[in-house]
Amino acid sequence: MSGTPAGRHYLNSAYGIRSWLLTVDHKRIALLYLTSVTLMFMLGGVFAALVRLELLTPAGDFFHADTYNKMFTMHGIVMVFFFLIPGIPAVLGNFLIPMMVGARDLAFPRLNLLSWYLFTIGAVFTLFNIVIGGVDTGWTFYTPYSSAYTTTNIVPVALGIFISGFSSILTGLNFIVTIHKMRAPGLTWFRLPLFVWAHYAYSIIVILGTPVIAITIVLLALERVFHLGFFDPALGGDPVLFQHFFWFYSHPAVYIMILPAMGVISEIIACFSRKRVFGYSFVAASSLAIALLGFLVWGHHMFVSSQSVFAGLIFSILSFLVAIPSAVKVFNWTSTLYRGSISFQTPMLYAFGFLGLFTIGGLTGLMLATLGIDVHVHDTYFIVAHFHYIMVGGTVMAYLGGLHYWWPKITGRMYPEWWGRLSALIVFIGFNLTFFPQFIVGYLGMPRRYYAYPPEFQVLNVMSTAGASILGVGYLIPLVYMIWSMRYGKAATANPFGATGLEWQTSSPPATENFAEPPIVTEEAYAYDRIPVPERGVYAG
């Protein structure tokens with residue numbers, strides 16, 4: 001890098017806590033996010049483990065019903081708002097998007113740091129709620145129970161979610177401006193990596209959707225504190241109005257989680273099959289289609305509410321339509337794999353896991369878009385299994401795959417490949433053993449959110465709890481070896497996987513300025529057929 005001493009990079013350019021807490025380097029901010037969301041993921045996982053422990057036996061043997069309600073509520077809130085929504089964009093998006101477009105940083109570096117502080121403050125408010133007794137409404141906060149009846153602490157956790165929402169909005173705004181204004185010469189829209197397209201679509205949803213949930217939370221707090229009648233029928237409000245507001249944001253929020261994950265999968269599949277992405281422009285356009293159609297399907301969460309059959313029919317049709325761009329991606333990824341030179345390394349194993357779990361989650365989503373089936377399985381464990389296959393199976397598989405793929409770039413060190421493959425296998429097995437039995441027990445009629453259940457459901461619940469234990473081990477193994485690799489891992493080259501993309505044209509780890517000279521792009525993304533085989537240099541671990 002011109003003007004930079006050899007061996008200097010963003011990790012050793014400055015030392016001390018102050019240099020990290022006041023940094024405006026997008027790469028360091030990504031690592032701050034990585035630390036924060038990892039802690040929240042571990043906390044959410046502890047709550048999930050306690051919930052599964054309680055469900056090991058039919059009777060409520062371990063916890064009182066109120067305690068159980070607070071545990072599954074905190075599991076949902078922590079996982080959804082503080083891991084699944086910010087995870088990939090805040091960590092991988094922050095680290096990679098400026099480099100992928102050939103920029104030195106995001107458009108607004110100080111705003112980027114502010115977004116991390118807002119995320120942290122929101123998390124503190126939410127966790128403080130645990131100290132003062134917790135909340136028992138479920139992560140959906142349905143009214144009028146949440147606004148008028150529960151005696152638990154709604155306001156602190158609502159305030160935490162409200163504050164963290166601004167973190168997402170600032171991040172989305174930063175991404176959009178960066179992608180529009182800071183692309184390297186020659187990097188046209190249709191030469192952008194699909195990871196960037198996915199984050200562009202994600203940003204549109206965040207900016208349009210997050211203010212709606214923020215306003216809804218404010219109205220909920222006003223009704224609870226000042227008894228203003230927005231949602232409570234006793235005060236002249238309408239509880240179904242809350243559901244409309246909540247799901248207008250929360251269904252697109254599913255795409256906030258899964259679109260960045262899809263971007264990760266596109267990068268991994270292209271690299272480890274050594275092919276151009278089949279139907280690149282269709283995959284890019286499908287991201288935007290998902291973002292737009294995602295705002296039109298919220299009513300399928302309310303088939304059993306007071307909405308008319310005609311409205312239910314419309315939302316059912318729209319929900320089927322949104323499956324089309326998702327299917328376009330899956331078919332194009334599969335076509336990319338066809339006759340590819342596939343390398344079964346850890347990121348690719350996670351990508352295969354994503355394809356399997358996301359497909360199961362998507363197909364069961366079509367079942368839920370069907371009016372008759374949805375009424376039968378509404379509020380059962382079938383729903384729990386479905387959204388875990390999409391939101392957890394899809395998003396976490398892609399997150400772990402992406403973290404392994406770009407780990408050499410982030411840290412300058414390789415992870416142990418054998419352990420990586422083992423953990424990917426354990427996660428896949430543990431996940432399916434945890435959640436597939438929930439499809440069956442839900443279809444048979446076991447309602448969600450109950451801490452006790454009829455004995456005939458115990459075998460499937462024992463299977464699910466055993467799977468959760470395996471899944472927990474699968475998640476812990478990468479945590480251990482990645483910490484180990486930061487000190488003892490093999491030094492990574494600039495491009496250990498022989499990948500295309502501007503981020504691989506700089507050192508590992510990158511310099512503070514990302515590039516020695518401003519890059520110039522002369523060809524489209526994923527030109528793997530133009531990379532001489534000896535230069536591919538696949539890391540064999």
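Predicted model: local features only at pLDDT ≥ 70, side-chain atom pairs only at ≥ 80, totals over all residues.
## Overall build

The protein contains 16 helices and zero strands. Its radius of gyration is 23 Å, close to the 24 Å that the globule rule gives for 541 residues, so the protein is as compact as a globular protein of that length. Taken along the principal axes, the C-alpha atoms fill a box of roughly 70 × 45 × 45 Å.

Of the 541 residues, 57% are buried. The accessible surface amounts to about 21100 Å², and carbon and sulfur atoms account for 72% of that area.

A search of the whole structure finds three cavities of 30 Å³ or more. The largest cavity has a volume of about 120 Å³. Its lining consists of 14 residues, and those nearest the centre of the cavity are F81, I161, S164, G165 and Y249. Two helices, α7 (154–181) and α8 (194–226), each supply at least two residues of this lining. The most is given by α7, with five residues. By class, the lining of the largest cavity holds 10 nonpolar residues, four polar residues and no charged residues.

The second largest pocket has a volume of about 950 Å³. Of the 42 residues that line this pocket, H251, H300, G365, L368 and H386 are the closest to its centre. Four helices each supply at least two residues of the pocket lining, namely α9, α11 (309–337), α12 (346–369) and α14 (381–411). The largest share comes from α12, which provides nine residues. The lining of the second largest pocket divides into 23 nonpolar, 15 polar and four charged residues.

Residue V254 is found in helix α9, which spans residues 239–273. The relative accessible area of V254 is 15%; because buried means under 20%, V254 is classed as buried. Not counting residues up to four places away in sequence, V254 touches I390 and M391. The chain also holds R104, 150 residues away from V254 in sequence; the C-alpha atoms of V254 and R104 are separated by 31 Å.

Residue N129 is found in helix α5, which covers residues 109–131. The relative accessibility of N129 is 0%, so N129 counts as buried. Leaving aside its neighbours within four places in sequence, N129 is in contact with M74, G134, V135, N153, P156 and V157.

The table gives the angle for each.

| Feature | Residue or bond | Angle |
|---|---|---|
| Cis peptide bond | T143 to P144 | omega near 5° |
| Cis peptide bond | S508 to P509 | omega near -5° |
| Positive phi, not a glycine | D379 | phi near 60° |

The loop between α5 and α6 (145–149) holds P144, whose peptide bond from T143 is cis. F141 also lies in the loop between α5 and α6. With a relative accessibility of 5%, F141 counts as buried.

D379 lies in the loop between α13 (371–377) and α14. The phi of D379 is likewise a positive value in a residue other than glycine. Here the relative accessible area is 32%, and D379 is therefore partly exposed, given that this class lies between the 20% and 50% limits.

The other cis bond leads from S508 to P509. P509 is placed in the segment after α16 (458–488).

Note on methods: Residues numbered from 1 in each chain as written. Heavy atoms only, no water. 1 Å grid on protein atoms, 1.4 Å probe; cavity = no way out; pocket = protein on both sides within 12 Å on 5 of 7 lines; lining within 4 Å. Points joined across faces, edges and corners; volume = space filled by probe spheres on them. Nonpolar A, V, L, I, M, F, W, Y, C, P; charged D, E, K, R; others polar. Buried < 20%, exposed > 50% of the residue type's maximum accessible area, 1.4 Å probe, protein only. Contact = heavy atoms within 4.5 Å. Rg over C-alpha atoms; globule rule 2.2 N^0.38 Å. Areas by Shrake-Rupley, 256 points an atom, 1.4 Å probe, with all protein chains shown as cover.
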